Amino acid sequence: GKLEPHYNYPKSLPSLPVVGSLLHLVGHPQLHLFFCRLQEKYGQLYALYMGSHYVVIVNNYVHAKEVLLKKGKIFAGRPHMVTTDLLTRNGKDIAFASYSPVWKFQRKLVHSALSMFGEGTLLLENIICREAATLCRTLNSEQDTSLDMAPELTRAVTNVVCSLCFNSSYHRGDPEFEDMLQYSQGIVDTVAKESLVDIFPWLQFFPNKDLALLKQCVEKRDQLLQQQFVEHKEAFSSDSVTDLMGSLLRAKLNLENNNSHLLPRMDLTDDHLLMTVGDIFGAGVETTTTVLKWSLLYLLHNPEVQQKIQEELDQEVGFNRHPQLNDRQHLPYLEATISEVLRIRPVSPLLIPHEALEDTSIGEYDIPKGARVVINLWSLHHDEKEWDKPEEFNPGRFLDEQGKRVYSPSPSYLPFGAGIRVCVGEALAKMELFLFLAWSLQRFTFSVPEGETLPAPEGKFGVVLQVPKFRVKAALREAWQGLVIY
Ligand code: HEM
Ligand code: PLO
């Protein structure tokens with residue numbers, strides 16, 4: 001929208017025509033840190049131009065909750081971006097699609113599929129435990145070597161979403177899995193990170209290395225999705241639906257067969273199905289793996305935390321059985337550690353940009369229709385008024401004096417977002433984080449291999465906050481020597 005002169009808009013960074021405030025952004029690849037620091041000069045709520053896009057940056061929880069909860073529906077839009085349009089066939093997925101009836105329906109379908117296969121039933125727990133056992137077997141055979149855990153963690157997490165989406169899984173060394181690792185990294189490196197093509201859409205018509213890489217990676221991913229789609233369509237039977245792909249197909253057929261004229265006509269195209277699965281698959285893999293890597297990194301930095309988790313596990317679970325989901329309530333220290341990892345290194349430090357669907361306001365400030373709104377979760381999670389020494393890793397923040405779990409010690413904590421755009425995978429992610437960490441720490445102690453240094457806890461900004469590469473040594477704990485560990 002056009003800015004009206006007499007309105008009370010947020011303070012704006014100085015901008016030049018065309019370039020917008022871009023000169024300020026150049027040389028600041030860590031956008032979440034830069035936006036956090038700009039508060040010193042412009043206050044907690046300020047605006048800037050990215051190319052021709054008017055962007056409002058929110059840095060405190062009161063404003064964030066107004067956007068996400070109180071005015072959630074008004075701010076439920078998503079901006080079109082060159083890179084995400086490429087990834088999602090112009091927003092036919094969930095995460096990068098603007099508010100619409102089809103989007104609402106897609107979310108609902110995923111929700112019910114997730115609760116059908118997992119939450120509530122025992123099935124998903126069994127799948128995760130099966131992958132946790134495989135992970136522990138690998139760790140056991142690689143014991144005391146210097147190991148890059150990233151591919152092992154990714155495979156474990158990938159197999160959970162593979163079971164969920166396609167009722168399939170990968171073995172170690174599977175070439176299709178290696179392909180997936182590659183293209184997914186290519187997408188994470190190039191998509192939705194306020195890259196130049198997203199700021200200046202006309203740049204897409206010039207040769208551009210990042211964009212070429214993204215196209216190539218998306219093509220690879222689409223081939224994989226298409227293959228699953230065809231196989232599922234051929235084998236489809238509406239009374240034996242066993243995965244997300246199947247339940248989406250069933251929903252589409254139902255919609256076509258009895259599309260009553262009472263309902264508004266809704267087109268759930270093949271593209272919508274493919275992109276929905278693509279989202280769940282992509283989010284399912286990249287987010288959970290990232291958190292597991294951050295967790296390991298912080299355990300290397302804080303061996304006393306690792307030891308406390310193990311003491312708790314020894315006491316509550318022991319050595320005769322594996323950890324289960326219903327142990328969660330008895331393992332508050334492990335749960336607190338997970339919460340603290342999600343605070344100190346939020347997976348999605350700027351969430352996904354929201355867009356105002358009408359003229360509105362945040363606090364005392366007017367916000368024009370079409371404004372992009374970026375919630376700086378990093379600022380919320382590192383707010384010194386809300387968190388004592390925010391850069392310090394301290395699971396104790398999430399416990400009371402008796403060591404009992406405190407769910408949210410500050411309102412300035414939203415690792416999964418909130419409101420109608422809240423993460424759809426929160427419950428699944430928490431189940432996986434808990435089980436993978438509990439299984440591994442019950443059996444192994446992780447340390448920095450000889451000759452290696454502690455990895456710096458610096459994240460790399462992008463569509464997820466990426467973890468630096470590092471190696472670990474996994475030593476089988478004494479109590480497990482000579483026992484069958486899975
Ligand atoms: C959206 C966090 C795991 C699927 C989001 C958002 C955040 C988030 C912050 C954006 C909310 C917003 O823009 O306002 C996380 C974290 C995870 C995680 C911290 C892991 C620890 C997952 C998993 C799945 C998933 C496992 C899939 C099974 C999605 C989807 C959206 C989303 C589809 C888009 C929702 C929408 O735009 O309507 N997540 N997520 N996430 N997440 Fe997650
Ligand atoms: C990760 C790379 C995949 O190849 C494609 C993909 C799909 C959905 C995206 C995900 C990527 C990154 C994390 C996102 C997720 C949707 C919701 C999630 C953005 C790009 C978060 C944390 O918001």
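**Notes on a predicted model**

1. Proline 395 sits in the loop that links α16 and α17; helices here are DSSP runs of H or I with at least four residues, strands are runs of E with at least two, and both are numbered from the N terminus. The proline is buried, at 2% relative accessible area (buried is under 20%, exposed over 50%, partly exposed in between, with a 1.4 Å probe and protein chains only). Not counting residues up to four places away in sequence, proline 395 touches Val305, Tyr333, Ala336, Thr337 and Glu340, where contact means heavy atoms within 4.5 Å. Serine 339 is 56 residues from proline 395 in sequence, yet their C-alpha atoms are 7.4 Å apart.

2. A word on the ground rules, since this is a predicted model: local features need pLDDT of at least 70 and side-chain atom pairs count only at pLDDT 80 or more, while totals for chains, interfaces and linings use all residues. Residues are numbered from 1 along each chain as its sequence is written, chains are lettered from A and ligands numbered from 1 in the order written, and side-chain values use heavy atoms, with hydrogens and water left out.

3. Cysteine 423 lies between α16 (377-381) and α17 (426-443), and its SG is the only protein donor of the iron atom of ligand 1, at 2.3 Å. Donors are N, O and S atoms within 2.8 Å of the metal (3.2 Å for Na, K and Ca), and water is not among the atoms, so sites may look incomplete. Lysine 389 is also found in the loop between α16 and α17, and has a positive phi of about 45° although it is not a glycine.

4. Another backbone angle to check is at aspartate 144, a residue other than glycine whose phi is positive, near 65°. Most residues other than glycine have a negative phi. Aspartate 144 belongs to the loop between α7 (123-141) and α8 (150-166), and is partly exposed at 45% relative accessible area.

5. Which residues does cysteine 136 contact, leaving aside its neighbours within four places in sequence? They are Trp439, Ser440, Arg443, Phe444 and Ile485. Cysteine 136 is part of helix α7 and is buried, with 0% relative accessibility. From cysteine 136 to histidine 80 the C-alpha distance is 42 Å, for 56 residues in sequence.

6. Isoleucine 338 belongs to helix α15 (residues 332-344) and is buried, at 8% relative accessible area. Beyond its neighbours within four places in sequence, isoleucine 338 contacts Leu433, Phe434 and Leu437. Aspartate 243 is 95 residues away from isoleucine 338 along the chain, and their C-alpha atoms are separated by 28 Å.

7. Is arginine 265 buried or exposed? Arginine 265 is exposed, with 63% relative accessible area, and its place is in the loop between α12 (244-257) and α13 (270-301). Its C-alpha lies 52 Å from that of arginine 321, which is 56 residues away in sequence.

8. Along the principal axes, the C-alpha atoms fill a box of roughly 75 × 55 × 45 Å.

9. Of the 486 residues, 55% are buried. Among contacts between residues at least 6 apart in sequence, 75% join residues at least 24 apart.
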